[in-house]
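Please open the structure in your viewer and keep the sequence beside it.

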Amino acid sequence: GKGPSSGVALESLLKWGGKYRTLFSQPCKACGQLLAMDPARATLLPPVVRLLHNEATDLARASTLTPSSTAAYHLHCWKSSI
């Protein structure tokens with residue numbers, strides 16, 4: 001199949017990785033907390049789920065996204081919202 005070029009794939013990977021710069025400063029979009037007790041692990045965790053959008057269709061918009069404008073979720077908050 002026809003996939004994205006290696007340049008686009010690398011750019012997407014770097015943008016996705018950049019979303020984690022705010023791992024300990026951006027609260028969860030669902031519960032509003034920075035740290036929350038993860039029921040499965042019985043430990044406090046930051047919102048680790050950062051959604052990766054389809055960069056092929058969102059490429060123009062993706063260049064304007066900043067880490068603070070992308071949603072962050074705790075794993076259990078995200079699972080309960082889908």
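Begin by selecting Ala42, which is placed in the loop between strand 1 (36-38) and strand 2 (43-45). Please bear in mind throughout that the model is predicted. Is Ala42 buried or exposed? With a relative accessible area of 63%, Ala42 is exposed. Its backbone also deserves attention: phi of Ala42 is near 50°, a positive value in a residue other than glycine.

**Second stop: His74**

Next, select His74, in the loop that runs between strand 4 (72-73) and helix 3 (75-81). His74 has a relative accessible area of 1% and is therefore classed as buried, since buried means under 20%. Which residues surround His74? Setting aside neighbours within four places in sequence, His74 is in contact with several residues, including Cys28, Cys31, Leu45, Pro46, Pro47 and Val49. Leu34 is also among these contacts, and the backbone oxygen of Leu34 lies 3.1 Å from a polar atom of the His74 side chain.

From His74, move to Cys28, one of the residues in contact with it. Cys28 is buried, with a relative accessible area of 3%. A disulfide is a covalent bond between the sulfur atoms of two cysteines. How many disulfides does a search of the whole structure find? The search finds zero. For Cys28, the closest cysteine sulfur is that of Cys77, at 3.8 Å, which is too far for a bond, because a disulfide requires the two sulfur atoms to be within 2.5 Å. Cys31 is likewise in no disulfide, and its nearest cysteine sulfur, again that of Cys77, is 3.9 Å away. Cys31 is partly exposed, at a relative accessible area of 34%.

Now select Thr22, in the loop between helix 1 and strand 1. Thr22 counts as buried, at 15% relative accessibility. A polar atom of the Thr22 side chain lies 3.4 Å from the backbone oxygen of Lys19.

**Last stop: helix 1**

Finally, select Leu14, which lies in helix 1 (residues 6-18). Leu14 is exposed, with a relative accessible area of 58%. Which residues make the nonpolar surface patch here? Select Leu10, Leu13, Leu14 and Trp16 together to display the patch, of about 400 Å².

Notes
Residues numbered from 1 in each chain as written. Predicted model: local features only at pLDDT ≥ 70, side-chain atom pairs only at ≥ 80, totals over all residues. Heavy atoms only, no water. Patch = residues over 30% accessible without salt bridge, like charges linked within 9 Å, V, L, I, M, F, W, Y side chains within 5 Å. Areas by Shrake-Rupley, 256 points an atom, 1.4 Å probe, with all protein chains shown as cover. Salt bridge = Lys/Arg side-chain N within 4 Å of Asp/Glu carboxyl O. Helix = DSSP H or I, 4+ residues; strand = E, 2+ residues; numbered from the N terminus. Buried < 20%, exposed > 50% of the residue type's maximum accessible area, 1.4 Å probe, protein only. Polar contact = N/O pair within 3.5 Å; in protein donor to acceptor, adjacent residues only side chain to side chain. Contact = heavy atoms within 4.5 Å.
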